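Trainee: Could we go through this structure together before I set up any calculations? I would like to begin with the overall picture and then look at details.

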Amino acid sequence: MRQSQLFTKTRREAPSDEVAKNSQLLIRAGFIQKMTAGVYSFLPLGLRVLNKIENIIREEMNAIGGQELRLAALQEKSLWEKTNRWDDAVVDNWFKTTLKNGNVMGLGFSHEEPLTDLLRDHLRSFRDLPIYPYQFQTKFRNEMRAKSGILRGREFLMKDMYSFSKNEKEHDDFYEKAKIAYTNIFRRAGIGDRTYITFASGGSFSKYSHEFQMLTDAGEDIIYYNADKKIAINKEICNSEGLKDGGFTDEQLTEAKSIEIANIFGLGTRFSEAIDLKYKDAEGTSHFPIMGCYGIGVPRLMGSIVEALGDDKGIVWPAEVSPFAVHIIAMKTEGVVIEAAEKLYKELIERGIEVLLDDRDARAGEKFGDADLIGIPLRITIGEKSIAEGKYEFKDRIASKDELFDKDQLMAYIGKHNV
RNA sequence: CGGGGUGUAGUGUAACGGUUAACAUUCCUGUUUUGGGAACAGGCGACUCAGGGUUCGAAUCCCUGCACCCCGACCA
């Protein structure tokens with residue numbers, strides 16, 4: 001991509017109503033735009049990141065047997081009445097809308113009901129289990145108060161997986177696999193070192209659940225964690241009973257603010273019973289599958305990465321989620337400089353590397369400033385100096401200065417850090 | 001949903017109840033520049049959120065609405 005053709009532009013200042021670091025940087029760098037409170041549009045750069053994150057999640061879900069599908073966003077009343085989740089007194093963040101014929105429909109805030117209902121058409125025998133359908137879908141939640149940029153929106157993309165198992169053991173085995181998959185996701189997204197599997201309350205479905213909490217002051221939760229053992233417990237259940245049930249012994253626990261970027265929990269047979277989803281075992285007896293639910297808010301993960309890694313100059317993207325792998329800065333728009341930059345640009349693209357080429361007619365300071373703000377991890381500066389030496393000026397986003405590489409070194413480095 | 005605050009060019013800010021609503025930046029023209037947000041000159045861009053009211057006169061004061069932000073509660 002040529003930066004001169006990118007329709008988004010950076011800005012020096014964030015709008016005054018944006019207070020959160022994640023949305024300030026993402027708006028300034030041209031990744032997102034706010035439509036209204038809690039509702040953001042994703043621009044070309046932002047969508048690239050969203051798609052990168054989505055693909056990491058997809059790969060990890062597929063790796064543990066997930067099958068992707070896509071349910072409808074519009075939800076019908078009668079189905080949700082079966083599980084007693086239609087009434088606004090029970091679920092207070094529904095968005096509801098009325099059809100021309102007067103029927104009321106809801107915009108899905110979660111999808112346990114429609115998926116369970118869908119499976120009534122496909123699940124017959126114990127041979128059909130276990131199954132792990134999942135989707136990426138826009139969720140609508142009528143939050144009392146949207147806040148913190150893209151960390152808590154009223155409309156957001158979510159990956160939600162649901163597991164259907166024959167028995168508790170089968171469910172537990174998968175639940176553990178899901179934990180590992182999630183751990184892989186956050187490691188690949190560059191925040192593994194500060195994300196903790198956190199023993200937490202199970203809400204209305206089960207006594208306990210597991211949250212993936214990333215340490216950040218921008219978060220809304222408080223957890224107690226132990227960095228050495230990589231364990232944590234949510235403050236809401238950090239009492240003698242919770243500690244005992246979570247298997248905590250006498251670890252030193254540190255209190256910290258954190259954000260819940262994912263949550264997994266067992267649903268038991270609450271939904272399969274209410275919606276009457278059954279299968280027959282080898283003896284021909286009917287049973288309700290044991291269900292589990294595994295969610296990740298995609299924009300929230302994106303915002304959390306910005307919160308965690310961004311510095312005073314801008315965003316710092318980990319390699320796997322960066323909108324581009326390499327940012328080439330052409331110091332001039334004419335002569336040998338732009339020729340050399342174009343040549344490298346094409347060469348890298350031929351090697352399958354995603355490159356953003358800053359070919360704008362702008363001054364060096366502005367280009368470097370924008371590059372820092374946009375946060376692509378690898379930067380190559382093409383100018384007369386290095387061309388004369390036959391070298392490439394290379395800089396990691398978080399390094400303090402450039403290094404001079406020859407072509408082989410450069411390609412080797414990019415190959416090693418490109419994903 | 002309770003409490004508090006704020007709405008002025010694309011963005012950030014200013015303007016005692018009193019000129020043609022100012023400054024910076026962005027953007028456009030031109031000249032000179034060209035390795036960490038250049039200099040000069042010129043120019044575009046605002047019914048001051050909406051609707052009422054007070055006043056000789058309202059961006060400014062009052063009322064209503066809407067929107068946004070913050071704190072809290074809530075977050076299946």
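Mentor: The discussion below moves from the whole chain to a helix contact, a sheet and a single residue. Please keep in mind that this is a predicted model.

Trainee: Understood. How many helices and strands are there in chain A?

Mentor: Chain A contains 12 helices and 21 strands.

Trainee: And what are the spans along the principal axes?

Mentor: The C-alpha trace of chain A extends about 80 × 60 × 45 Å along those axes.

Trainee: What radius of gyration does chain A have, and what would a compact globule have?

Mentor: The value for chain A is 24 Å. A compact globule of 419 residues would be near 22 Å, so the two agree.

Trainee: What percentage of the residues count as buried?

Mentor: The buried share is 43% of the 419 residues of chain A. As for contacts between residues at least 6 apart in sequence, 69% join residues at least 24 apart.

Trainee: Let us turn to helix packing. What describes two packed helices?

Mentor: Two quantities are used: the angle between the axes and the distance between them.

Trainee: Then how do the axes of α1 and α8 cross?

Mentor: Helix α1 covers residues 21–28 and helix α8 covers residues 298–309; their axes come within 8 Å and cross at roughly 95 degrees. Because angles from 65 to 115 degrees fall in that class, α1 is roughly perpendicular to α8.

Trainee: Which residues make the contact?

Mentor: On the α1 side they are Lys21, Asn22, Leu25 and Leu26, and α8 contributes Gly303, Val306 and Glu307. By class, the contact of α1 with α8 comprises 3 nonpolar, 2 polar and 2 charged residues.

Trainee: Changing topic: what is the strand order in the open sheet of 3 strands?

Mentor: The order is β4-β6-β5, and the pairing is antiparallel. The edge strands, β4 (74–76) and β5 (95–98), each pair on one side only. From one strand to the next, the twist averages 40 degrees.

Trainee: Over how many bridges do β4 and β6 pair?

Mentor: There are 3 bridges between β4 and β6 (residues 104–107), in the antiparallel sense. Glutamine 75 stands opposite glycine 106 of β6.

Trainee: How far apart are alanine 63 and lysine 177?

Mentor: In sequence, alanine 63 and lysine 177 are 114 residues apart; in space, the C-alpha to C-alpha distance is 9.8 Å.

Conventions: Residues are numbered from 1 along each chain as its sequence is written. Chains are lettered from A and ligands numbered from 1 in the order in which they are written. This is a predicted model: local features need pLDDT of at least 70, side-chain atom pairs count only at pLDDT 80 or more; totals for chains, interfaces and linings use all residues. Helices (H or I, at least four residues) and strands (E, at least two) are DSSP runs, numbered from the N terminus. The radius of gyration is taken over C-alpha atoms; the globule rule is 2.2 Å times the number of residues to the power 0.38. A residue is buried if 20 or more other C-beta atoms lie within 10 Å of its own, exposed if 12 or fewer, and partly exposed in between; C-beta atoms are placed from the backbone. Two residues are in contact if their C-beta atoms, placed from the backbone, lie within 7 Å. Axes are lines fitted to C-alpha atoms, for helices over the stretch in contact, and angles run from 0 to 180 degrees between N-to-C directions. Angles under 35 degrees count as roughly parallel, over 145 as roughly antiparallel, 65 to 115 as roughly perpendicular and the rest as oblique. Ala, Val, Leu, Ile, Met, Phe, Trp, Tyr, Cys and Pro count as nonpolar, Asp, Glu, Lys and Arg as charged, and the others, Gly among them, as polar. Two strands pair if DSSP finds at least two bridges between them.
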